[in-house]
Amino acid sequence: MQIAETIIAQAGLRPTKARLAVLKTITESSSALSHAEILERLAGLKEFDRVTIYRVLEWLTENQLVHKISGENRAGKFQLSQPKFSASDQSERKVIGQDAHHHAHLHCIHCGKISCLHDVKPRFNQEILKHYQISQIEINLKGVCDDCANVHPSK
C-alpha cells in the first residue's frame, strides 16, 4: 500500500483515484505545492482537470490530511499535515488524526519554496487570546533558501 493510500485509510476516509493522485503528489514533494504546481505534475493524467484537483485539495484540507499555507499574492500552497499517532512503537503506529496547523513556515523570496517548521510552535499569553477560538496560526519566516543563495548571493 502506498503512503497516500495508508494516510487516507488510517483516517477512516474513502480513497478515490483523484484523492490518491493529489495526496501522493503532495507527499512526494519536499516543499508545499500550489494548485498550479500539482496540476502541472499531474498533467500526464488526463482525467484530472483543474476543478477536480481544486475539489480534492478542499477535501484533503477539510479532513486535515493537508494544510493550506498562504503564499505570495494570497495563492495557497498545500503540504501534508503532521500526523498524530496512537502508539510510540514505529511498527504499530496508527494515524489517529492530524495536528492543528499551529507551526511556522520557511518561505524563500526568490523561488517561492515553502517548508514547514513543525518544531517551531507559537506561544501566547492566554489572557490575550481568551476571547478567541484559534483554528489556525500562520507564521512565515521569509528569506533565501540554500539553492537560491548559491544563485543569488547577497551583496
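These are my notebook entries on what I looked up in this structure.

**Ground rules.** I am working with a predicted model, in which local features need pLDDT of at least 70 and side-chain atom pairs count only at pLDDT 80 or more, while totals for chains, interfaces and linings use all residues. Residues are numbered from 1 along each chain as its sequence is written, and side-chain values use heavy atoms, with hydrogens and water left out.

**The chain.** I looked up the secondary structure and found six helices and eight strands, where helices (H or I, at least four residues) and strands (E, at least two) are DSSP runs numbered from the N terminus. Read from the N terminus, the elements follow the order α-α-β-α-α-β-β-β-β-β-β-α-β-α. Of the 155 residues, 32% count as buried, a term that means under 20% relative accessible area with a 1.4 Å probe and protein chains only.

**Largest pocket.** I then turned to the largest pocket, whose volume is about 230 Å³. A pocket here is an open set of points on a 1 Å grid over the protein atoms alone, where a 1.4 Å probe fits, with protein on both sides within 12 Å along at least five of seven lines, and lining residues have an atom within 4 Å of a point. The volume is the space filled by probe spheres set on the points, which are joined across faces, edges and corners. Among the lining residues I noted Ser34, Tyr54, Glu58, Lys68 and Phe78. The elements giving two or more residues to this lining are α3 (35-41), α4 (50-62) and β3 (76-80), and α4 gives the most, with five residues.

**Ser34.** Which strand holds Ser34? I found Ser34 in β1 (residues 33-34), and Ser34 counts as buried because its relative accessibility is 13%. Leaving aside neighbours within four places in sequence, Ser34 is in contact (heavy atoms within 4.5 Å) with Gly76 and Lys77. The C-alpha atoms of Ser34 and Phe78 are 6.1 Å apart, although 44 residues separate the two along the chain.

**Ser31.** I next checked Ser31, which lies in the loop between α2 (17-27) and β1. Is Ser31 buried or exposed? Ser31 is buried, at a relative accessible area of 12%, and, with neighbours within four places in sequence set aside, Ser31 is in contact with Gln79, Lys113, Ile114 and Ser115.

**A charge over a ring.** Last, I noted that the charged end of Arg19 sits over the ring of Trp59, 3.7 Å from the ring centre; the rule asks for NZ of Lys or CZ of Arg within 6 Å of the ring centre and within 35 degrees of the ring normal.

Notes:
Buried < 20%, exposed > 50% of the residue type's maximum accessible area, 1.4 Å probe, protein only.
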